Amino acid sequence: MTPDVRSFLVLWAQAFNAPDIEQLVALYAPDAMLYGTTSAELHSGAEEIRTYFGGRDPVKFETWRSARLGDNLVLVVGDYVFSRSLTDQVVTIPARFTLVLSRKRGSWRILHHHSSRRP
């Protein structure tokens, strides 16, 4: 994975875990599409994506791989784990994700994000 894509994933996790919804939504293209881990609905565009996020459990990336689809287009596929504190224990929810990133004017933005629980 190129260092700039790795840095992007770090930014995404930081915004998600903060949670800083505005910073997180800013990492998505205005016309991005999101199939989230906890929703059966497709969320299209910044406003719908904003409504999906909020009050989510912290996430930690485990593994990922990327493939360049073009000069400014990258596919990223991997695993992450959400964690939830319940009374005196932490419950983990393993999930997998796919991102399609596009770089414009030196910045990466998410065009497509799919996340689902790992079987």
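Predicted model: local features only at pLDDT ≥ 70, side-chain atom pairs only at ≥ 80, totals over all residues.
As for what is around Ser-102, if you skip residues up to four places away in sequence, it touches Asn-72, Leu-73, Ser-107, Trp-108, Arg-109 and Leu-111.

Now, zooming out to the sheet. We've got six strands in an open sheet, ordered β2-β1-β6-β5-β4-β3, with mixed pairing. At the edges you have β2, 42–44, and β3, 59–70, each pairing on one side only. On average, neighbouring strands here are turned by 15 degrees against each other, ignoring direction. Take β3 and β4, the latter being residues 73–86: they pair antiparallel, over 10 bridges.

What lies across β1 and β2? That's helix α3, residues 45–52, and it runs at about 130 degrees to β2.

Then the core. The largest nonpolar core has 30 residues, and the ones touching the most other members are Trp-12, Tyr-28, Phe-53, Val-76, Tyr-80 and Leu-101. Elements giving two or more residues to it are α1, α2, β1, α3, β3, β4, β5 and β6. The largest share, seven residues, comes from α1.

Last stop, Tyr-28. Leaving out neighbours within four places in sequence, Tyr-28 contacts Trp-12, Ile-49, Phe-53, Arg-109, Ile-110 and His-113. Arg-109, you'll remember, was also on the Ser-102 list.

Methods: Residues numbered from 1 in each chain as written. Heavy atoms only, no water. Pairing = 2+ DSSP bridges. Helix = DSSP H or I, 4+ residues; strand = E, 2+ residues; numbered from the N terminus. Axes fitted to C-alpha atoms, helices over the stretch in contact; angles between N-to-C directions. Contact = heavy atoms within 4.5 Å. Core = buried A, V, L, I, M, F, W, Y, C linked by side-chain atoms within 4.5 Å. Buried < 20%, exposed > 50% of the residue type's maximum accessible area, 1.4 Å probe, protein only.
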